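This note sets out some points for a colleague who is examining the structure. It is arranged as numbered paragraphs.

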Amino acid sequence: MAKVHVFDHPLIQHKLTFIRKADTGTKEFRELVDEVSTLMAFEITRELPLTEINIQTPVCEATSKVLAGKKLGVVPILRAGIGMVEGILKLIPAAKVGHVGLYRDPETLKPVEYYVKLPSDVSEREFIVVDPMLATGGTAIEAINSLKKRGAVNIKFMCLVAAPEGVELLTKEHPDVDVYIAALDEKLNDKGYIVPGLGDAGDRLFGTK
């Protein structure tokens, strides 16, 4: 069963407050999302495997630890997920970056895939799918479906704020995908917005309406 991790780190919570504020401008919003993504990446990579190598320090020879060569991939859901990528790459610069593009069908209201580009060695990588918001869960579910259809077997999902409804549906549809959240909010309103949420992440990141 999927594990849901809600980060309570003081720096994450502090910066998230300013991300939520309606009067935070585009430049500051973008910088804060980048910073929180870095902090979350620190937490999400906590269990990466290590191996030991022999090195020469200025004092002597020593045995020390390095990452065990696990292949990582970061997959933003277009477009808002792009705002989280650079923050993650600051910590794991060797990670490959894929993209998944989805739009909502105006009649069925269901997400439809329109673009997918992933590293060639999909089955060998651990992927972190990122999107600032997890509202109804439909987009995240379909993005993960897109990865699995192409051979991905090790996937995590990371977002800034989530509604309980979205978390419940995502973990039900993908019980093998752990979920990492900066804040689990109260609910969805009747328009499908997360309450209290942070508004439309894409518009706030890119200065559009």
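1. Basis of the note. This is a predicted model, in which local features need pLDDT of at least 70 and side-chain atom pairs count only at pLDDT 80 or more, while totals for chains, interfaces and linings use all residues. Residues are numbered from 1 along each chain as its sequence is written, and side-chain values use heavy atoms, with hydrogens and water left out.

2. Packing of α1 and α2. Helix α1 (residues 10–20) and helix α2 (residues 26–44) have axes that come within 9 Å and cross at roughly 155°. Helices (H or I, at least four residues) and strands (E, at least two) are DSSP runs, numbered from the N terminus. The axes are lines fitted to C-alpha atoms, for helices over the stretch in contact, with angles from 0 to 180 degrees between N-to-C directions. The two helices are therefore roughly antiparallel, a term for angles over 145 degrees.

3. Residues between α1 and α2. On α1 the contact (heavy atoms within 4.5 Å) is made by Leu11, Ile12, Lys15, Leu16, Phe18 and Ile19, and on α2 by Phe29, Leu32, Val33, Glu35, Val36, Leu39 and Met40. These residues divide into 11 nonpolar, no polar and 2 charged. Here Ala, Val, Leu, Ile, Met, Phe, Trp, Tyr, Cys and Pro count as nonpolar, Asp, Glu, Lys and Arg as charged, and the others, Gly among them, as polar.

4. Lysine 27 is exposed at 59% relative accessible area, whereas glutamate 31 is partly exposed at 36%; buried means under 20%, exposed over 50%, and partly exposed in between (1.4 Å probe, protein chains only).
Aspartate 34 and lysine 90 also form a salt bridge, at 2.3 Å from N to O. This pair links distant parts of the chain, 56 residues apart: aspartate 34 is in helix α2 and lysine 90 in the loop between α3 (85–89) and β5 (96–97). Aspartate 34 is buried at 13% relative accessibility, while lysine 90 is exposed at 53%.

5. Further salt bridges. Arginine 150 and glutamate 113 meet at 2.9 Å, N to O, in another salt bridge. Arginine 150 lies in the loop between α4 (138–149) and β10 (154–162) and glutamate 113 in strand β7 (residues 111–117), so the bridge ties together parts that are 37 residues apart in sequence. Arginine 150 is partly exposed at 37%, as is glutamate 113 at 28%. Elsewhere, a network of salt bridges links Lys71, Asp121, Glu124 and Arg125.

6. Serine 146, in helix α4, is buried, with a relative accessible area of 0%. Leaving aside residues up to four places away in sequence, serine 146 touches Val100, Glu113 and Val116. Tyrosine 103, in strand β6 (residues 99–104), is partly exposed at 42% relative accessibility. The C-alpha atoms of tyrosine 103 and isoleucine 53 are separated by 47 Å, the residues being 50 apart along the chain.

Terms used
Angles under 35 degrees count as roughly parallel, over 145 as roughly antiparallel, 65 to 115 as roughly perpendicular and the rest as oblique. A salt bridge is a side-chain nitrogen of Lys or Arg within 4 Å of a carboxyl oxygen of Asp or Glu.
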